[in-house]
Amino acid sequence: MPEATKQVDDGIDYADIENKYQVQYDDGFDNLVVVDGIPIIDKSKLDRLLTKITKEFNKRGVSVKQDDIFLPWDDASGKSKGYMFVEFKNENDANLALVNLDNYPFDARHTFRVNRFTDIERYADLDETYVEPELEEYTPREHLRAWLADPQGRDQYVTYRGDEVNIHWHGKPSQSEVAHKPDWKDFLYVAWSPSGTYIATLHRQGVRLWGGPSWKPQQRFAHPLVKLIDFSPCEQYLVTWSNEPIVVPEGAVQGPQYFSPDDEGNNLAVWDIKSGDLLRTFSTYNEGDPPSGKKQMQWPALKWSPDDKYVARITPGQMISVYELPSMYLEGKKSLKIEGVVDFEWCPLGEKDREETNAVNGVKTSKKAKENTLAYWTPEVQNQPARVTLLAFPSRAIMRQKNLFNVTECKLYWQNQGDFLCVKVDRHTKTKKSIFCNLEIFRMREKDCPVEVVELKDTVMDFSWEPKGERFAIVSSSDPNLGNPGPGVTIKTDVSFYQLDRSKNDFRLLRTLPSRTSNAIRWSPRGRHVVLATVGSSSKSELEFWDLDFNSDDRKEGATEWGSGIQLLGTADHYGVTDVEWDPSGRYLATSASAWTHTLENGYAIWDFRGQEIVKFIQDRFKQFIWRPRPPTLLSKEKQKQIRKNLREYSRAFDEEDAAEESNVSAELIALRKRLVDEWNAWRILRKKELGEE
Amino acid sequence: MRPILLQGHERSLTQIKFNADGDLLFSCSKDNVINVWYSHNGERLGTYEGTNGTVWTVDVDPESKYLISGAADNTLRLWSVRTGKNLYTWEFPTAVKRVAFNENGTRVVCITEQRMGHQCAIRVFQISHEGDGTKQSKEPLYMFNPIGSKATVCAFTLTPDVIITGHESGKVALFNVKSGEEIDNNERAHSDVVTDLQMSKDWTYCITSSKDKAARIHDTKNLMVIKTFTTETPLNSAALAPNRPYVLLGGGQEAMNVTTTSLRQGKFETRFWHKVFEEEIGRVKGHFGPINTIAVHPAGTSYASGGEDGFVRVHHFDDSYFKAKPYGDLEIID
Amino acid sequence: AERKALQLRRALVARRRELLSELSVRKEKEESSRRAEMSRKEKEEEARRLKEELRRKEQERTKKEIESIRIDEAKKYAQSLVDKGILKPNDVEKLESYDTENLITIQVQQLEKEKKEISEKLRVTAKRIDHLERAYRKEERPLLAEDYQN
C-alpha cells in the first residue's frame with residue numbers, strides 16, 4: 001500500500017482521520033474489510049461461529065455469505081487469531097458494514113471493530129493500542145500517581161483564589177509548601193478526579209486534564225462552554241455538560257475526539273479519558289418537558305456503576321437506561337422500563353468486593369464476579385404503593401422489594417462499602433398535614449436483605465453513613481421555620497447518632513445532641529470522627545469535633561455502656577464557612593468560606609481532628625479548596641494488620657523525625673525573628689541618631 | 001483588661017485623641033458634639049458644643065490648652081480645653097476633614113473636602129497663644145490645593161513646613177506647605193483610601209491604615225514602607241503602642257455592605273499585631289459596629305477605640321500585657 | 001391594887017393579845033402579799049420561760065430545716081455529679097458530710113483532672129492516627145512503582 005504508508009510517514013494529524021471518510025475509487029481492495037474482536041475458537045466451532053456471524057451481519061442489513069469470510073488461524077495453538085477478513089460484493093456494502101458493525105457488541109465479551117483493509121496498516125499502531133492498552137503504560141509516560149510516593153507521606157490540596165491556582169503540600173509546618181503553581185488561565189473552576197490522578201479545569205473550549213509530576217496537560221475534551229463535569233469512579237471516563245446545545249460549525253475539525261454533526265442539539269457528552277475519544281452524546285432535555293420548565297437538573301445526570309462497566313440515566317417516571325462501556329450501547333438493547341421511577345443509585349463496591357473481583361480477575365476461579373446492584377424507588381401510583389426495589393445488574397433480577405405507604409419523598413443513601421442501604425422516607429399523615437420520617441435500612445450482606453425501620457417524629461434534613469462503619473448520623477428538626485428560609489433565619493436542629501446493635505441486629509439510638517444549629521455532617525473518611533458544622537448561615541458558623549469511640553481504647557471491662565464512647569473533642573468557629581472537607585487520611589479538616597457564596601472574610605482554615613487550628617488564611621476572592629483524593633491503598637489487609645502490630649517501631653522513627661523537624665523549625669523561626677529585629681533596630685538607631693544631631 | 005464603656009455620644013465616633021499627659025481623652029462624633037473624659041475612669045469632664053454638623057476631626061496641643069476641631073458645618077474651631085469655650089472659628093466653603101497640631105502647638109494644618117466645585121485644600125494656620133486666644137488671624141499662613149487624588153489625612157513632620165498626607169487613591173506624600181510642592185510620594189503605599197495616619201512618639205515614622213485592608217509603617221523621612229500588616233477587613237484606624245512592639249488596627253465591613261452586621265454582635269475587633277514580625281498576636285472584641293478610630297495612651301498604659309456603634313471603649317492594659325514576651329528576649333527599640 | 005394590878009395585867013394581856021393579833025394580821029397580810037408577789041413573779045417567770053422555750057424550739061426547727069435543705073441540696077448536687085459521671089455512687093456514701101461547697105471543689109478538681117486526661121488521651125490518639133497513616137504510606141511507597149508497571 002504505497003499510499004497508505006506514505007500517510008503514516010506524514011506524521012499524526014487529523015487529515016488521516018478525515019481520510020477515513022474519503023472514498024478512493026482507484027483502490028482494488030476497497031471492498032475488503034477487517035473485523036476485529038472475533039471470539040477465538042478452535043476449528044470444531046468454526047461453522048457455528050460463521051453461521052452466527054453471518055446472521056448478525058445480515059440482521060444489521062449487511063448481506064454476507066460464509067464463503068466471503070476468511071478466518072486466519074494460528075497454527076501453533078490451533079486456534080483462530082481473533083479477527084477475520086470479509087470480502088464484499090462492492091465498496092458500498094463494505095461501507096455499510098463499516099457503519100453498521102463497527103463497535104457492534106457481538107456478545108458480552110466481544111465487540112466487533114471493523115476497518116477497511118486499506119486502512120488497517122495505517123491504523124496498525126492505533127489498533128495495537130486498542131488490543132493491548134497496557135502497552136501504552138510501558139512507553140515513558142509520566143507516573144500519574146507519583147505524588148503518592150512523597151517521602152514525607154504528605155497530602156496535597158488545591159486552592160483557587162482570584163485567578164490564581166496553587167497546589168500545596170500539606171504536612172508538618174515546615175513541610176507545608178507550594179507543590180505547583182500552574183499558569184492556567186480563564187477557567188471556571190478546578191476539580192480532582194476521584195482518585196486524584198488528574199485535575200481538571202473547565203475552559204470555554206472544553207475540559208483539560210493535568211497531572212503527573214510535570215503537571216503537564218494529559219488530555220483535553222472539546223466541549224465548548226462546558227459547565228459541569230463528572231468522572232467515572234475508576235477514572236476511565238468523563239461526563240461533560242453544558243447548558244448550551246452542541247453546535248458543530250461548518251468546517252469544524254472532525255475526528256473521534258470531536259463532536260460530529262450527529263451530536264448537534266445534545267448537551268451531555270461521555271468521553272474516554274485515556275484516548276480522549278468522544279463515546280456518545282445525550283440531551284438532558286427530556287422529551288415532553290415543558291420548554292420553559294426550569295426544573296432543577298439532577299447532577300450527575302449519568303450515574304456510574306462503581307466498576308466503570310455501566311453508566312445509567314433516568315427518564316423520570318419512565319425508565320432507567322443502562323449503557324455498557326466502552327461501546328456506550330444500551331445494555332441488553334433495552335432500557336429498564338419502570339413506571340413512575342423517580343430516582344436510583346448504584347450500590348458502591350466495598351473493599352471486600354474489590355478484593356474478590358481482583359481475585360477473580362487474577363486467578364481464573366469458578367466464582368463469578370459479583371453483579372452490580374441498583375436501588376430505585378417509585379412513588380404511589382393508582383392504588384400501587386410506593387416501592388423501593390433492589391435490582392441485580394446485568395441479570396436484572398429483583399433482589400428485594402419493599403412497599404411503602406403515605407410517601408412524599410424518598411432518598412437513597414448507600415453506605416460506602418455497600419453493606420447497608422438507607423432509604424429516607426418522608427411520610428405524611430393521612431390528612432397530609434404533617435410530615436415525619438422513616439428510615440428503612442436494608443442490610444445488604446444478609447440473605448434476602450432484611451429491612452429494619454427507624455421511625456422519627458421530626459423532619460430529617462440530612463443523613464450520613466459512617467464510612468466503612470455501622471453507624472449513621474442524622475440532622476433532624478422540628479423548627480417551625482423549616483422550609484421557610486429567610487435572611488438571618490438559622491434553623492434549630494438536633495443531631496442523632498445510631499449504631500447497629502449486633503446482638504439484636506437493629507439500629508439503635510446512640511445519642512442525641514439537642515438544640516443545635518448544625519446542618520452538615522462530615523464523617524472522617526476513616527470513620528470514627530465526625531464534624532458537625534453550621535454552614536450557609538450568616539449568624540452561626542460553629543464546628544463541633546466528635547469522637548464516637550473515645551473510650552474504645554480502654555474497653556477492658558468488657559461491654560461498655562451503650563453510647564458512652566461519644567466524646568466532644570473540641571469546638572471551633574469559622575465565620576461564614578461554606579465548605580467543610582476532611583483530608584483523605586481523616587487527620588485534618590479544611591473549612592473554607594468561598595467568594596462564590598458571599599464576600600465576607602473569604603479564605604480557608606485547616607484544623608486537626610480535635611478542632612485545633614493549624615493554619616488559617618483569610619484571602620480576598622477566595623473560591624475553592626479541595627484536598628487531592630487518594631486511590632484505595634495498595635497495601636493488603638494482612639500488610640496493614642502487620643503495620644498496626646508494629647506501629648511502635650514506626651512510631652519511634654516518626655517521633656525522632658518530628659523532634660528534629662520541630663527543633664529545625666524553631667531554630668529557623670528564631671533566626672528569622674532575630675534578623676527582623678536587627679534590621680528594625682538598625683533603622684531605629686539611625687533615625688534616633690539623626691534626631692539627636694538636629 | 002476590663003474595658004470602660006464611655007456612653008456619651010449618640011452617633012458614630014469619628015476620631016478620638018489622648019492629650020500629651022494621657023489623663024484626658026477627647027472624642028468627636030457625628031452627633032455634632034466633642035466630649036472630653038478622664039481617661040483613667042471614664043468620667044465625662046465636659047463637652048464642646050456649638051458645631052452644627054458632624055465633627056470629623058479633633059486634635060489637642062501639647063500643653064492641653066487648645067483644642068482644634070474640624071466639622072461638616074465647614075468650620076475649623078479653636079476651643080479652650082479648660083473652659084470649653086469656642087475661642088475662634090474659621091469658615092470655609094466645604095467641610096473640614098482632618099486637623100493636626102504641629103509639635104509645639106503653634107500651627108494647625110487642616111484638610112477641607114473637595115466638593116461642589118471646590119478643590120480639596122490644605123491650609124496651615126498660625127495659632128496665637130497671646131491673651132485669651134480669641135484673637136486669631138483669619139487668613140491662613142499657607143494654603144494650596146494638592147494635585148491629583150484628594151488628601152484624606154495629614155500630619156506635620158519634624159521638618160519645618162513639611163507635612164505628610166494620605167490620599168483617597170492610597171497615595172502617601174510629603175508636601176512643602178509653603179510652596180504647595182509635592183516633595184516626595186509613594187503612589188502605591190495603599191491601593192485604596194488612606195483612612196488614618198498616626199505619628200510615632202519621636203515623629204520619625206508613622207502608621208497608616210487603609211480600606212485596602214492593610215496598615216503600613218512608613219519612614220517619614222523618605223516614605224519608605226518599613227512594615228506591612230495585612231488583615232482581612234477594611235481598616236479605619238491604626239495606632240502605634242508606645243513602649244511595646246505592637247500596633248493596633250481597627251475596622252470592619254461597613255454596615256451598608258453587610259446584612260449580617262447585627263448578627264456578629266460584639267464581634268468587631270481591635271487587632272494587635274507585632275510591629276516588627278508583622279504577625280497578628282491577638283484581638284479584643286466588643287464593638288457592635290466597625291471600629292472607626294483608635295488611640296493609645298502616650299505612656300502606652302491604655303488604649304481607646306471609638307466605633308460606628310457610638311461607643312468609646314477604654315481598655316487599661318493589665319500586667320500580663322507588659323510582661324508578655326511572646327517572641328523571646330529580643331530587645332526591640334521603640 | 002391587886003385588882004388594879006389584875007386589871008392592868010388583863011389590860012396588858014388584852015393589849016398584848018390585841019397587838020399579837022394585830023401583828024399576826026399584819027404578818028398574814030404581809031405574807032399574803034408576799035405570796036401574791038411570789039406567785040406573780042413565778043407566773044411571769046414561767047411565761048418568759050415558755051416564750052424562750054418556744055423561741056428556742058422555733059430556732060431549732062428553722063436550723064434543722066436549713067440544715068436539711070442544705071443537705072438535700074448537697075445530696076442533689078452529689079446526685080447530679082453522679083449522673084454526670086463525676087462521682088461514683090459509692091463515693092457519695094463515703095462523703096462524711098454533705099457540703100455543697102466541698103462538692104463544688106471536688107467537681108472542679110474532677111473536671112480539671114478529666115480535662116487533663118482527655119487532652120492527654122487526645123495527644124496519644126492524635127499521634128497514633130498520624131503515625132499509623134504515615135506508616136501505611138511509607139510501606140505503600142515501594143508498591144507504587146509496581147503499580148506503575150501494571
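Trainee: In chain B, how much of the chain is buried?
Mentor: Of the 334 residues in chain B, 61% are buried, where buried means under 20% relative accessible area, exposed means over 50% and partly exposed lies in between, with a 1.4 Å probe and protein chains only. This is a predicted model, in which local features need pLDDT of at least 70 and side-chain atom pairs count only at pLDDT 80 or more, while totals for chains, interfaces and linings use all residues. Residues are numbered from 1 along each chain as its sequence is written, chains are lettered from A and ligands numbered from 1 in the order in which they are written, and side-chain values use heavy atoms, with hydrogens and water left out.

Trainee: And how many helices and strands are there in chain B?
Mentor: Chain B has one helix and 28 strands, taken as DSSP runs numbered from the N terminus, with helices being H or I of at least four residues and strands being E of at least two. If you take the contacts in chain B between residues at least 6 apart in sequence, 45% join residues at least 24 apart, a contact being heavy atoms within 4.5 Å.

Trainee: Let's pick a loop residue. Where does B:Asp73 lie?
Mentor: B:Asp73 sits in the loop that runs between β7 (66-71) and β8 (75-80) of chain B. With a relative accessible area of 16%, B:Asp73 is buried.

Trainee: What does the side chain of B:Asp73 make a polar contact with?
Mentor: Its partner is the side chain of B:Arg77, at 3.0 Å. A polar contact here is a pair of N or O atoms within 3.5 Å; within protein, one must be able to donate a hydrogen and the other to accept it, and residues adjacent in sequence count only if both atoms are side-chain atoms. Not counting residues up to four places away in sequence, B:Asp73 also touches B:Thr51, B:Asn52 and B:Gly53.

Trainee: Switching to chain A and chain B, how many residues are in contact?
Mentor: The contact involves 22 residues of chain A and 27 residues of chain B. About 2400 Å² is buried between chain A and chain B, with carbon and sulfur atoms giving 62% of that area; buried area is the accessible area (1.4 Å probe) that two parts lose on being put together, summed over both.

Trainee: How many salt bridges does the rule find across that interface of chain A and chain B?
Mentor: The rule finds six salt bridges between chain A and chain B, each being a side-chain nitrogen of Lys or Arg within 4 Å of a carboxyl oxygen of Asp or Glu. One salt bridge joins A:Asp620 to B:Lys213, with the closest N and O atoms 2.6 Å apart. There are also eleven residue pairs in polar contact across the interface of chain A and chain B, both residues being at pLDDT 80 or more. The most on the side of chain A that touches chain B comes from α10(A), with 13 residues.

Trainee: What about B:Thr204, is it buried or exposed?
Mentor: B:Thr204 counts as buried, at 5% relative accessibility, and belongs to the loop between β18 (194-199) and β19 (205-210) of chain B. The side chain of B:Thr204 makes a polar contact with the side chain of A:Arg684 at 2.9 Å. Leaving aside neighbours within four places in sequence, the residues in contact with B:Thr204 include A:Arg687, A:Leu691 and B:His218.

Trainee: Now chain A and chain C: how much do they bury between them?
Mentor: Chain A and chain C bury about 3500 Å² between them, 58% of it on carbon and sulfur atoms. A:Arg587, A:Leu634 and A:Phe654 supply 18% of the area that chain A buries against chain C, more than any other three residues. The contact takes 46 residues from chain A and 26 residues from chain C.

Trainee: How many salt bridges are there between chain A and chain C?
Mentor: There are nine salt bridges between chain A and chain C, including the one in which the side chains of A:Asp655 and C:Lys127 meet at 3.2 Å, N to O.

Trainee: Last one: which residues are buried in α3(A)?
Mentor: The buried residues in α3(A) are A:Leu49, A:Leu50, A:Ile53, A:Thr54, A:Glu56 and A:Phe57. They cover an arc of only 160° around the axis, which puts them on the same side of α3(A), the arc being that of the directions from the helix axis to the C-beta atoms. The face of α3(A) turned away from that buried side carries the exposed residues A:Asp47, A:Arg48, A:Lys55 and A:Lys59.
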